[in-house]
Amino acid sequence: MNFAAIDFETANECRSSVCSVGVVIVRKGKIVDKFYSLINPEPGYYKWFCSQVHGLCEADTCNAPVFSEVWKQITPKIEGLPLVAHNACFDEGCLKAVFQVYQMDYPDYTFYDTLTASRAHFGRSLENHQLHTVAAACGYDLTQHHHALADAEACAAIAMKIL
């Protein structure tokens with residue numbers, strides 16, 4: 001029950017365009033730390049659809065730190081922990097893409113997926129396996145869906161219930 005739940009939001013269709021990150025550190029089944037940051041995305045433009053989903057735009061992130069600076073703050077928090085995400089292929093893809101853009105060595109993080117776990121655990125008993133639906137089934141009220149920290153908190157709650 002030691003892991004880091006992580007969620008990224010992106011500015012556009014490029015996986016490297018992370019514009020915010022939320023991380024929730026869980027040790028011995030308890031949340032012990034949380035981290036959130038806006039990120040100046042690369043490439044640095046916003047698609048209308050993405051902004052509609054998470055509510056962020058260029059004005060929100062133009063003075064934010066770049067990914068490599070934010071990751072320096074996250075690295076010691078997640079050291080030695082597996083990462084957990086809902087639809088992990090998206091978040092892992094974002095992480096790999098942004099590491100490549102900033103020419104950083106990717107440490108080959110271990111990812112677990114609460115979406116896959118939800119499908120195995122709940123099967124067809126849920127109408128869908130979207131984050132807010134699964135969170136509710138696990139007793140977590142996700143009120144700020146698509147805010148990276150809120151989504152990471154929901155993912156942590158799901159993981160503590162069904163992983």
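The structure is a predicted model, in which local features need pLDDT of at least 70 and side-chain atom pairs count only at pLDDT 80 or more, while totals for chains, interfaces and linings use all residues. Residues are numbered from 1 along each chain as its sequence is written, and side-chain values use heavy atoms, with hydrogens and water left out.

The chain holds seven helices and five strands, where helices (H or I, at least four residues) and strands (E, at least two) are DSSP runs numbered from the N terminus. Read from the N terminus, the elements follow the pattern β-β-β-α-α-α-β-α-β-α-α-α. The C-alpha trace spans about 40 × 35 × 20 Å along its principal axes. For 163 residues a compact globule would have a radius of gyration near 15 Å, and the chain, at 15 Å, agrees with this; the radius is taken over C-alpha atoms, and the globule rule is 2.2 Å times the number of residues to the power 0.38.

Turning to the sheet, the five strands form an open arrangement in the order S3-S2-S1-S4-S5, with mixed pairing; two strands pair if DSSP finds at least two bridges between them. Strand S3 (30–38) and strand S5 (111–113) stand at the edges with a single partner strand each, so one side of each is left without a neighbour in the sheet. Neighbouring strands are turned by 25° against each other on average, direction ignored. Here axes are lines fitted to C-alpha atoms, for helices over the stretch in contact, and angles run from 0 to 180 degrees between N-to-C directions.

S2 and S3 pair in the antiparallel sense over eight bridges, and Val24 has Lys34 in S3 as its bridge partner. These two strands form a hairpin with two residues between them, and Lys28 in the turn has a positive phi of about 55°. S1 and strand S4 (residues 83–85) run parallel and are joined by two bridges, with Val84 in S4 as the bridge partner of Ala5.

H7 lies across S1, strand S2 (18–27), S3 and S4, at about 35° to S2. Helix H5 (residues 114–122) lies across S4 and S5, running at about 40° to S5.

Two loop sites also deserve a look. Most residues other than glycine have a negative phi, and most peptide bonds are trans. The peptide bond from Glu42 to Pro43 is cis, with omega near 0°, and Pro43 sits in the loop between S3 and H1. Asp108, in the loop between H4 and S5, has a positive phi of about 55° although it is not a glycine.

Finally, the largest pocket contains about 470 Å³ of space. On a 1 Å grid over the protein atoms alone, a pocket is an open set of points where a 1.4 Å probe fits, with protein on both sides within 12 Å along at least five of seven lines, and lining residues have an atom within 4 Å of a point. Grid points are joined across faces, edges and corners, and the volume is the space filled by probe spheres set on the points. Of the 23 lining residues, Asp7, Phe8, Glu9, Phe90 and His146 are the closest to the centre of the pocket. S1 gives the largest share of the lining, five residues.

Note on methods. Contact means heavy atoms within 4.5 Å.
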